[in-house]
Amino acid sequence: MSKNSFVVTVVMSALGALGIAMAGAAVAQTTMKISISIAQNSHQGVGIDTFAKEVERRTGGRYKVQTFYSGALGAERESIEATQLGTQELTLTSTGPVPNFVPEVRILDVPFLFRDYAHARSVLDGPIGQEMLAKFDAKGLKALAWAENGFRHMTNSKRAINGPDDLKGLKMRTMENPVHIQAYKGFGINPTPMAFTEVFMALQQGTVDGQENPLSVITAAKFEQVQKYLSLTGHVYSPAVILMNKGKFDELTSADKQHFIDAAKEAAKANRARVDQDEKTAVADLRAKGMQVIDVVDRSKYQAALTPVYAEFAKQFGQANLDRIKTAK
Ligand code: EAX
């Protein structure tokens with residue numbers, strides 16, 4: 001670049017910056033970041049895309065939300081930490097690593113707690129779920145709304161899982177979640193906790209035999225490329241939650257606070273609708289791509305295998321608290 005054209009470029013960009021600054025004076029714009037650890041083309045991607053669109057629309061463009069996918073800002077645990085610190089404003093995460101931050105939420109990760117999607121959604125949207133959202137406040141996090149990850153199923157590359165005994169001795173990647181780790185040991189699994197962002201490669205390289213995740217995640221992550229067998233165990237419901245840095249939330253006007261909460265609710269709605277859609281199409285899709293899918297019609301055998309672990313959970317959480325969730329309409 002010649003000296004003259006350099007000067008012209010500098011002057012032009014200065015004018016450009018001035019123009020942006022003037023436009024900015026008319027509508028002050030604040031940009032925030034939100035992240036997920038899985039791909040954009042997923043139930044979580046639809047969730048944060050909807051959130052970004054709704055925040056911008058509801059605040060008349062005063063707030064803009066930048067979306068990051070596939071762990072571009074870090075895996076779920078790091079994203080929660082960053083949101084707590086405020087180096088990123090927002091994240092949508094499964095509850096996998098959440099107990100390390102807000103232990104009260106652990107109870108939601110107990111296997112076979114929820115009967116079906118309708119049950120899980122109504123508990124989370126009802127008084128129990130709303131009480132839990134408030135527990136994040138003391139940890140520097142504002143939980144805007146529950147979202148959804150889905151009912152988890154087992155996949156592996158070793159053998160077809162036709163009953164709980166077939167799980168014995170399998171080395172399975174699990175989330176960094178103390179409740180899951182404790183429960184899966186009850187199946188005789190050898191649990192290997194790791195961040196989601198490392199799972200594909202671990203399966204590919206055979207560091208672990210298998211993993212468990214909802215259909216929405218299995219398809220979004222293309223696990224059929226590295227896993228042969230899928231058993232529809234539905235052994236645990238996996239909630240997700242939309243978190244915001246508490247300080248940043250508190251700085252909002254009360255009208256904007258409501259806009260953010262409403263945007264999060266819209267995000268959860270879109271996210272759940274995509275889960276519903278995935279639940280209808282994913283099994284046929286995975287079969288077509290070569291996975292062997294085992295329908296688990298009788299879950300009671302898997303539940304029975306966890307009886308001793310359940311006695312432990314009753315001590316940890318209180319049977320009454322477990323029953324309050326289990327018997328909720
Ligand atoms: O949030 O870590 C997991 O297995 C989660 O289900 C996944 O990251 C989606």
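Which residues form one aromatic cluster? In this predicted model, the cluster is made of Phe 114, Tyr 117, Phe 151 and Tyr 237.

**Aromatic pairs**

Searching the whole structure turns up 13 aromatic pairs. One of them joins Tyr 117 and Tyr 237 in an edge-to-face arrangement, with 6.1 Å from centre to centre and 80° between the planes. Tyr 117 belongs to helix α4 and Tyr 237 to strand β8, so this pair ties together parts that are 120 residues apart in sequence. Tyr 117 is buried, at 14% relative accessible area, and Tyr 237 also counts as buried, at 1%.

Another edge-to-face pair is formed by Tyr 310 and Phe 313. Both of these residues sit in helix α12, three residues apart, which is about one turn of the helix. Tyr 310 is buried, with a relative accessible area of 15%, and Phe 313 is buried too, with 1%.

Here are the two pairs side by side:

| Pair | Centre to centre | Angle between planes |
|---|---|---|
| Tyr 117 and Tyr 237 | 6.1 Å | 80° |
| Tyr 310 and Phe 313 | 6.1 Å | 80° |

**The nonpolar cores**

Now back to Phe 114. Setting aside neighbours within four places in sequence, Phe 114 is in contact with Leu 108, His 119, Ala 120, Val 123, Phe 151, Tyr 237 and Ile 325.

Phe 114 also stands out in the largest nonpolar core, a set of 48 residues: together with Leu 108, Phe 136 and Phe 187, Phe 114 is among those with the most contacts inside this core. Two or more residues come from each of these elements: α4, α5 (127-134), β4 (141-156), α6 (178-186), β8 (229-245), α12 (307-317) and α13 (319-326). Strand β4 gives the most, with five residues. Apart from this core lies another one, of 46 residues, including Leu 92, Ile 218, Leu 232 and Ala 264.

**Helix α4 and its partner**

How do helix α4 and helix α10 pack? Helix α4 (residues 117-125) and helix α10 (residues 254-288) meet at an angle of about 170°, and their axes are 13 Å apart. That angle makes α4 roughly antiparallel to α10, because angles over 145 degrees count as roughly antiparallel.

On the α4 side, the contact involves Tyr 117, Arg 121, Leu 124 and Asp 125, while α10 brings Arg 272, Val 275, Asp 276 and Glu 279. Sorted by type, the residues of this contact are three nonpolar, no polar and five charged.

Terms used: Residues are numbered from 1 along each chain as its sequence is written. This is a predicted model: local features need pLDDT of at least 70, side-chain atom pairs count only at pLDDT 80 or more; totals for chains, interfaces and linings use all residues. Side-chain values use heavy atoms; hydrogens and water are left out. Axes are lines fitted to C-alpha atoms, for helices over the stretch in contact, and angles run from 0 to 180 degrees between N-to-C directions. Helices (H or I, at least four residues) and strands (E, at least two) are DSSP runs, numbered from the N terminus. Angles under 35 degrees count as roughly parallel, over 145 as roughly antiparallel, 65 to 115 as roughly perpendicular and the rest as oblique. Contact means heavy atoms within 4.5 Å. Ala, Val, Leu, Ile, Met, Phe, Trp, Tyr, Cys and Pro count as nonpolar, Asp, Glu, Lys and Arg as charged, and the others, Gly among them, as polar. A nonpolar core is a set of buried Ala, Val, Leu, Ile, Met, Phe, Trp, Tyr and Cys residues joined through side-chain atoms within 4.5 Å. Buried means under 20% relative accessible area, exposed over 50%, partly exposed in between (1.4 Å probe, protein chains only). Rings of Phe, Tyr and Trp (its six-membered ring) pair if their centres lie within 6.5 Å; planes under 30 degrees apart count as stacked, over 60 as edge-to-face and the rest as tilted.
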